[in-house]
Protein chains: 4
Amino acid sequence: MSASGGSVTAAVEPTVGATESAGAIDDAATRKVRVAIVGATGYVGGELIRLLLRHPHVEIVGLVGRGRQGDAVETIHPHVAGTGLAVHAEIPVDAETVFLALPHGAAAERVPDLLEGARTVIDLGPDFRLRDKADYTTWYGFEHPAPELLDRAVYGLPELHRDELQQAARDRFAGTPALVASPGCYATTSILALAPLARVGLIGDLVVDAKSGVSGAGRDAKPDLHFGEVNESVKAYAVFTHRHIGEIEQELRLAARDGASNPGASGIDFLPHLIPMTRGILAAGHVRPAWTVDQAEVERLYTEAYADEPFVTVTAQPPATKHVLGSNEIRVHARVDPRNGRILAIGVLYNLVKGAAGQAIQAFNIVHGLPEDAGLRQLPLAP
Amino acid sequence: MSASGGSVTAAVEPTVGATESAGAIDDAATRKVRVAIVGATGYVGGELIRLLLRHPHVEIVGLVGRGRQGDAVETIHPHVAGTGLAVHAEIPVDAETVFLALPHGAAAERVPDLLEGARTVIDLGPDFRLRDKADYTTWYGFEHPAPELLDRAVYGLPELHRDELQQAARDRFAGTPALVASPGCYATTSILALAPLARVGLIGDLVVDAKSGVSGAGRDAKPDLHFGEVNESVKAYAVFTHRHIGEIEQELRLAARDGASNPGASGIDFLPHLIPMTRGILAAGHVRPAWTVDQAEVERLYTEAYADEPFVTVTAQPPATKHVLGSNEIRVHARVDPRNGRILAIGVLYNLVKGAAGQAIQAFNIVHGLPEDAGLRQLPLAP
Amino acid sequence: MSASGGSVTAAVEPTVGATESAGAIDDAATRKVRVAIVGATGYVGGELIRLLLRHPHVEIVGLVGRGRQGDAVETIHPHVAGTGLAVHAEIPVDAETVFLALPHGAAAERVPDLLEGARTVIDLGPDFRLRDKADYTTWYGFEHPAPELLDRAVYGLPELHRDELQQAARDRFAGTPALVASPGCYATTSILALAPLARVGLIGDLVVDAKSGVSGAGRDAKPDLHFGEVNESVKAYAVFTHRHIGEIEQELRLAARDGASNPGASGIDFLPHLIPMTRGILAAGHVRPAWTVDQAEVERLYTEAYADEPFVTVTAQPPATKHVLGSNEIRVHARVDPRNGRILAIGVLYNLVKGAAGQAIQAFNIVHGLPEDAGLRQLPLAP
Amino acid sequence: MSASGGSVTAAVEPTVGATESAGAIDDAATRKVRVAIVGATGYVGGELIRLLLRHPHVEIVGLVGRGRQGDAVETIHPHVAGTGLAVHAEIPVDAETVFLALPHGAAAERVPDLLEGARTVIDLGPDFRLRDKADYTTWYGFEHPAPELLDRAVYGLPELHRDELQQAARDRFAGTPALVASPGCYATTSILALAPLARVGLIGDLVVDAKSGVSGAGRDAKPDLHFGEVNESVKAYAVFTHRHIGEIEQELRLAARDGASNPGASGIDFLPHLIPMTRGILAAGHVRPAWTVDQAEVERLYTEAYADEPFVTVTAQPPATKHVLGSNEIRVHARVDPRNGRILAIGVLYNLVKGAAGQAIQAFNIVHGLPEDAGLRQLPLAP
């Protein structure tokens with residue numbers, strides 16, 4: 001990653017996913033896209049508001065939230081003062097693009113109508129992330145109400161699906177609204193930490209042990225999220241059943257190229273922990289490689305995979321979540337254990353930006369032909 | 001405060017302190033000011049780097065730091081990756097303006113030479129904040145080596161000294177480099193929380209009870225700042241002797257207008273506490289008013305004082321430090337106790353931005369004729 | 001304070017409030033008192049369970065809690081494993097003494113019947129702390145249903161009311177069950193920090209600025225107590241209206257001896273803050289003395305007041321809440337500001353022990369003729 | 001585990017490791033053992049002081065610490081007030097048993113003399129934990145100066161080596177002082193979480209992913225332990241090289257019984273993380289079993305292994321470190337993933353008690369013929 005943004009130009013017109021300095025032929029670069037946010041009252045909704053208020057090519061035209069109709073946004077998100085924005089019951093008619101930050105199942109009910117109305121949808125929930133509708137039964141326990149849209153949706157991880165996002169941009173310019181399924185926070189961290197290995201089929205066996213701050217669990221006042229319960233404690237949760245397992249397995253499987261396959265990408269062992277912090281995720285991937293590799297080879301895989309990525313940094317030292325706090329950056333680090341040949345692959349990100357709102361905006365930028373880093377150039381906050 | 005920045009235009013040319021949207025006649029608006037940061041390895045230095053890297057009218061040409069010559073900035077501030085910046089032993093010759101983030105006493109030794117060399121100085125330390133050299137003996141226990149500069153220095157609190165900063169801008173355009181003494185973090189919080197009362201002479205008696213996160217104590221590894229000592233604990237420190245008392249008393253005294261005086265602005269009772277968080281300061285001013293006032297009158301004083309300020313928000317509810325995390329905003333809140341007539345005035349800010357680097361940049365902007373909010377428009381991070 | 005407990009022997013029989021090493025004539029010293037805990041599911045209830053399970057002279061015969069009838073205690077308080085205790089709907093008939101940890105108003109409804117049934121009551125709520133029923137209207141907004149018991153109740157702060165607790169012990173042995181109103185957490189901290197000054201009438205004017213961890217706010221899942229809201233933030237709350245003000249004013253007034261009075265003990269300025277920690281309270285009392293005193297005089301007042309107290313330590317340095325974590329100790333520190341003559345008096349305690357369950361047990365011990373420190377000899381946990 | 005302590009009686013005389021209620025033939029049960037603590041100024045030293053001050057069968061006769069000779073203990077450990085203890089340069093001549101809490105290498109230099117002087121040694125450092133001197137070269141990079149003592153030392157994990165500790169007690173009564181090598185904090189957590197599987201040879205492959213609070217890293221003021229660096233962050237450290245790996249591999253190998261062996265107990269993958277809390281360790285063992293097992297079988301292994309252990313609780317739900325805060329309890333939890341057959345084994349403990357001082361006292365009790373839980377019956381603190 002370079003701070004000025006990597007080069008992500010496409011060979012064909014329109015130029016989409018261009019960097020800030022480059023031009024873009026979409027008129028979005030010269031006017032503002034009118035967006036609405038549905039699910040504006042939660043932590044992810046608040047982060048979307050914060051980022052989009054400073055996005056140079058966006059105008060927020062509507063906020064929609066549960067049971068808070070008419071409330072000024074600062075009564076819900078006190079950090080956002082002086083905007084004049086309030087929460088409404090309905091999406092405004094002039095919204096071109098809709099961000100959905102809703103619990104699973106809720107988006108699937110709404111998306112068909114939104115697409116029908118020619119709105120582009122950036123869904124931050126899980127309802128369109130999985131390609132196989134059977135996976136919804138397995139991981140979410142519900143029958144998907146719009147399985148015909150699963151093929152149309154693009155998994156909004158630009159590092160792995162930029163081509164599809166760019167195609168969606170072209171389709172959008174041609175009149176077909178885009179449907180982006182923005183990845184989960186654990187999934188993003190795990191997939192990007194492991195993708196360079198998965199591409200060549202190196203994942204012979206995989207344990208992902210992840211640690212998350214509390215904001216990933218949402219804003220609802222639950223007993224488990226009481227400060228007195230979280231502070232000075234760590235625990236594992238969702239043992240064997242975390243819903244992001246489906247995404248991770250799918251994407252690691254799809255990442256394999258040129259006939260490669262990853263025997264360990266099915267039936268992975270994923271264990272999330274809640275740790276006493278508000279922000280950030282660290283995922284440690286413990287890989288038994290499918291064949292013997294050395295450190296130089298692993299480094300080469302990571303460097304090549306991410307050389308041009310504007311938001312991925314490959315680090316020489318184990319990264320801390322603090323290093324990316326508040327930014328859209330993900331840092332990844334991979335090492336071969338000289339004793340036993342295992343590969344350790346670590347990823348860290350800030351769950352509300354690269355793990356949610358920022359990544360969604362990154363995909364939004366691509367499907368609107370905007371510079372991919374528009375509105376996302378904040379540096380991490382320290383300490 | 002309005003999110004888009006208040007109007008701070010001056011009546012005379014050159015237009016200084018203009019908002020982002022307004023023009024400014026200084027060429028700084030069209031080219032980049034070349035700045036150096038001395039003391040670049042600490043927390044304040046790191047925050048200056050973070051903010052100035054994204055400042056639209058600034059180019060960082062040099063970083064100077066203790067004993068880290070030649071080190072890449074990311075080895076010192078891991079959150080700042082990919083800049084190509086490194087630490088050097090000397091200020092580059094082409095630096096026009098120098099930010100100093102040094103322990104007390106160190107800036108006083110360097111500033112005369114810097115001004116001699118026609119560099120504008122933004123000093124984030126205390127060496128030029130106090131107007132009376134005797135106060136340095138009282139509060140810092142040192143003999144000021146350059147007392148003749150104390151009159152020339154401007155106390156860099158735009159809300160109280162904008163006129164002087166604008167005059168310094170004009171002087172600077174005329175060839176006299178500016179010397180800005182950027183206020184301390186506790187001082188900023190306390191003074192801005194209390195200034196509307198001080199202006200009219202309402203401070204009959206004053207207790208300021210303040211609470212700070214750890215980053216205000218600096219980055220050095222001291223036993224008292226070990227996580228194990230700070231976490232899950234609160235304590236008072238620097239009892240009766242905190243060095244910001246001098247600043248607070250000076251500025252509350254000077255704030256009085258039209259012949260008003262504040263009997264309680266001398267010999268104030270200031271008690272700081274270290275609380276288990278990294279970022280933020282809250283100061284609670286407990287005021288026994290010089291005469292009886294009611295809530296409406298107090299609200300009027302605050303509203304009038306800060307109506308046009310781009311970075312001050314007067315709140316209707318007691319603010320939390322979290323509400324301004326990472327931003328240059330300060331929130332103030334004032335209430336009259338109906339039982340006993342006392343006034344409570346609370347201020348909260350993020351110590352490294354409005355309490356240090358951000359405020360210094362705000363003053364820098366003014367003395368360079370730039371929009372006052374340039375590089376400072378980040379919204380607070382939540383949660 | 002001496003670690004072995006001070007001498008608190010009374011001149012008359014029965015010897016009550018004796019230290020662990022001394023004898024006590026009550027048979028409670030040789031058999032176990034059968035106690036029940038009502039409100040066993042909250043944080044205070046949990047702490048009572050923890051302490052009483054290891055109390056050498058107590059047997060817990062019943063736990064009563066809201067809506068958890070039949071649940072094993074470890075499903076509610078996971079730290080308490082292997083006890084075999086469960087929650088019941090009713091107080092067992094063989095309970096001699098009942099601890100009540102209930103919201104305000106709830107105890108007042110139950111206490112008359114309990115006393116009627118010859119049970120001694122240790123109430124950890126506020127319903128019997130105030131002597132004037134009008135104060136309940138002022139601070140709690142409710143009409144006290146049993147005002148005739150307010151005179152009978154003893155304010156369970158042994159350091160100020162040990163004589164009354166000992167009298168209650170004698171009455172109890174004579175057949176009249178005791179009613180102890182155990183003080184609030186802020187109240188205990190504030191009163192003990194200030195009582196040596198109040199005794200001689202030194203409080204000319206008083207600001208108490210207090211900081212509390214989250215456990216003092218209870219265990220209910222409220223939005224304000226979500227980890228994401230509390231962590232990395234500080235805010236004032238209950239501005240001008242905190243219910244403990246009534247207790248503090250009452251006790252500072254009553255503490256005055258030999259005709260002394262404290263002009264500042266009415267209409268005090270009390271401001272509580274929520275800080276990001278689970279445990280502990282610090283109260284800073286900013287006193288404008290009624291007459292000029294020096295440091296030696298203030299130290300003498302504190303030393304004399306607390307020389308024989310088993311759970312009060314007068315410190316030479318400002319204490320941290322961490323120093324008393326998990327114990328029944330309170331530390332107090334007083335200093336005269338040489339600049340302005342004000343007195344700073346700081347108290348720190350662990351809110352769930354000396355601020356709640358431990359203090360209640362301390363009073364329980366006295367009214368049962370047990371060693372005052374029985375079950376309370378745990379040293380603070382560090383770090 | 002039962003709260004009252006399990007039965008740990010040995011069949012032969014002397015009865016060692018008896019529970020509190022049982023008798024013990026050593027006179028230690030009727031008089032106090034005179035102990036000294038070397039390395040008394042750190043966190044582990046402080047915890048030894050805290051626990052031993054309340055141990056019914058111990059008298060602390062000496063504290064020895066780096067560069068603090070003559071200092072009262074409360075100036076070093078402010079939570080321990082009123083003891084009259086101070087730090088000395090030398091171990092008092094009348095100390096029978098010496099606890100060593102020293103950096104690696106320091107104990108190995110001192111122990112031969114101590115044993116020569118007929119003192120029993122409880123070493124909390126690593127110098128005598130490993131049986132093979134070559135492992136010291138591998139993991140600690142030093143040549144062991146007293147390899148002949150490695151065989152004599154008992155690895156002080158009562159759950160796995162109680163027989164040897166009891167034999168050491170008999171030898172001690174016969175005149176041979178004992179040398180106990182108390183296990184490391186990560187090692188204790190990992191070994192006890194996995195031992196029931198290791199006994200039968202189930203560990204086919206092993207990843208241990210561990211998370212620790214800061215107190216495990218010691219009290220020295222290091223930049224990495226500054227509150228500003230630790231708070232709101234998580235990172236992996238000591239990648240592939242943590243020194244406890246040697247202990248864990250040794251003990252899992254030795255735990256195998258009846259000819260079983262654990263192919264995965266060599267070359268384990270152990271990754272520690274520093275998380276933003278002061279106290280506690282959680283280790284998650286991800287096991288690929290050597291053969292297929294079901295949940296019932298795994299539960300049976302754990303229940304049988306720990307049924308009589310006074311300080312081990314097998315839980316039905318994933319435990320949190322908070323559940324054992326401040327106590328000598330370890331909780332373990334094991335589950336078979338129905339999707340892939342892997343076993344997850346989690347252990348949590350409080351690093352300064354069961355992970356250090358408490359476990360050392362547990363072994364001390366056994367080798368002195370005292371009740372195994374003497375001085376260790378504190379219940380966990382919550383919240």
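Two strands count as paired here if DSSP finds at least two bridges between them; strands (E, at least two residues) and helices (H or I, at least four residues) are DSSP runs numbered from the N terminus. The model is predicted: local features need pLDDT of at least 70, side-chain atom pairs count only at pLDDT 80 or more, and totals for chains, interfaces and linings use all residues. Residues are numbered from 1 along each chain as its sequence is written, and chains are lettered from A in the order in which they are written.

**The sheet.** Select residues 281–289 and 343–349 of chain A: strands E11 and E14 pair there in the antiparallel sense over 7 bridges. Within this pair, A:Ile281 has A:Leu349 as its bridge partner. Now widen the selection to the open sheet of 7 strands in chain A, ordered E9-E10-E8-E11-E14-E13-E12 with mixed pairing. E9 (235–236) and E12 (312–314) of chain A are edge strands with a single partner strand each, so one side of each has no neighbour in the sheet.

**The interface.** Next, show chain B with chain A. Contact (heavy atoms within 4.5 Å) links 31 residues of chain A with 31 residues of chain B. The buried area (accessible area, 1.4 Å probe, lost on putting the two parts together, summed over both) is about 2900 Å², 57% of it from carbon and sulfur atoms. Select A:Arg54, A:Leu379 and A:Pro383: they supply 24% of the area that chain A buries against chain B, more than any other three residues. Finally, select helix H1 (residues 43–53) of chain A, which gives 4 residues, the largest share of the side of chain A that touches chain B.

Key: Side-chain values use heavy atoms; hydrogens and water are left out.
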